Amino acid sequence: MKLFRLGSRAYRTLQKIVQSGSNGRQVRRAQALLWLHENETVQAVAHRLRLSRQAIYGIVQRYHARSHLPVAERVQDQPHPGRPATIRQRTQQVIHELLQRPPSRLGYRSPIWTAPRLRRQVEKRLRRRISIDTVRRALHQLRHRYKRPRLVLAQRSPYWRQSKGG
């Protein structure tokens, strides 16, 4: 008994997803549907993908329930619920503002920002403890790159004798 048949367009679309998909869950669903189309048993597909039979039936049921959507969207994940990462976003905003001006304006003696200095300022502004890793992640997301300035000792000008009258 055949669980379902795929149209030729749907078959080609699912094959493309399997070959070049970067989302593992989406690829797994597409593989399951392709194998079921090729007369594999539900139990064999479940064993291959290391899923339960009920999970395979669920994939087929969701595929049919989303018939109004394009094939690629039928095998995609639904949006994941959960609380957004607001602290990281606010940290990123504060750091972006701080990087616009030198730390000397806030009373530091250094001309550059360091992660610990940024952390202190973010904690003051947000009134909340922030880890140094959160600051570094925010810097990375802002694509901020920095290098400490090289300390160079004062060197004599090549024309120092002329300036001294020699």
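How are α1 and α2 oriented to each other: roughly parallel, roughly antiparallel, roughly perpendicular or oblique?

## The model

This is a predicted model, in which local features need pLDDT of at least 70 and side-chain atom pairs count only at pLDDT 80 or more, while totals for chains, interfaces and linings use all residues. Residues are numbered from 1 along each chain as its sequence is written, and side-chain values use heavy atoms, with hydrogens and water left out.

## The pair α1 and α2

Helix α1 (residues 8–20) packs against helix α2 (residues 24–37) at an angle of about 135 degrees, and their axes lie 9 Å apart. Helices here are DSSP runs (H or I, at least four residues) numbered from the N terminus, and axes are lines fitted to C-alpha atoms over the stretch in contact, with angles running from 0 to 180 degrees between N-to-C directions. The two helices are therefore oblique to each other, given that angles under 35 degrees count as roughly parallel, over 145 as roughly antiparallel, 65 to 115 as roughly perpendicular and the rest as oblique.

On the α1 side, the contact (heavy atoms within 4.5 Å) is made by Tyr11, Leu14, Gln15, Ile17 and Val18, and on the α2 side by Gln26, Val27, Ala30, Gln31, Leu33, Leu34 and His37. Sorted by class, this contact holds eight nonpolar, four polar and no charged residues; Ala, Val, Leu, Ile, Met, Phe, Trp, Tyr, Cys and Pro count as nonpolar, Asp, Glu, Lys and Arg as charged, and the others, Gly among them, as polar.

## The nonpolar cores

A nonpolar core is a set of buried Ala, Val, Leu, Ile, Met, Phe, Trp, Tyr and Cys residues joined through side-chain atoms within 4.5 Å, where buried means under 20% relative accessible area, exposed over 50% and partly exposed in between (1.4 Å probe, protein chains only). The largest such core has 21 residues, and those with the most contacts inside it are Leu14, Leu33, Ile56 and Tyr63. Two or more residues come from each of α1, α2, α3 and α4, with α2 giving the largest share, six residues.

Leaving aside residues up to four places away in sequence, Leu14 touches Leu6, Ala30, Leu33, Leu34, Val71 and Val75.

## Two loop residues with positive phi

Asn39, in the loop between α2 and α3 (42–49), has a positive phi of about 70 degrees although it is not a glycine. At 57% relative accessibility, Asn39 counts as exposed.

Arg50, which is found in the loop between α3 and α4 (53–65), also is a residue other than glycine with a positive phi, near 55 degrees. Arg50 is exposed, with a relative accessible area of 79%.
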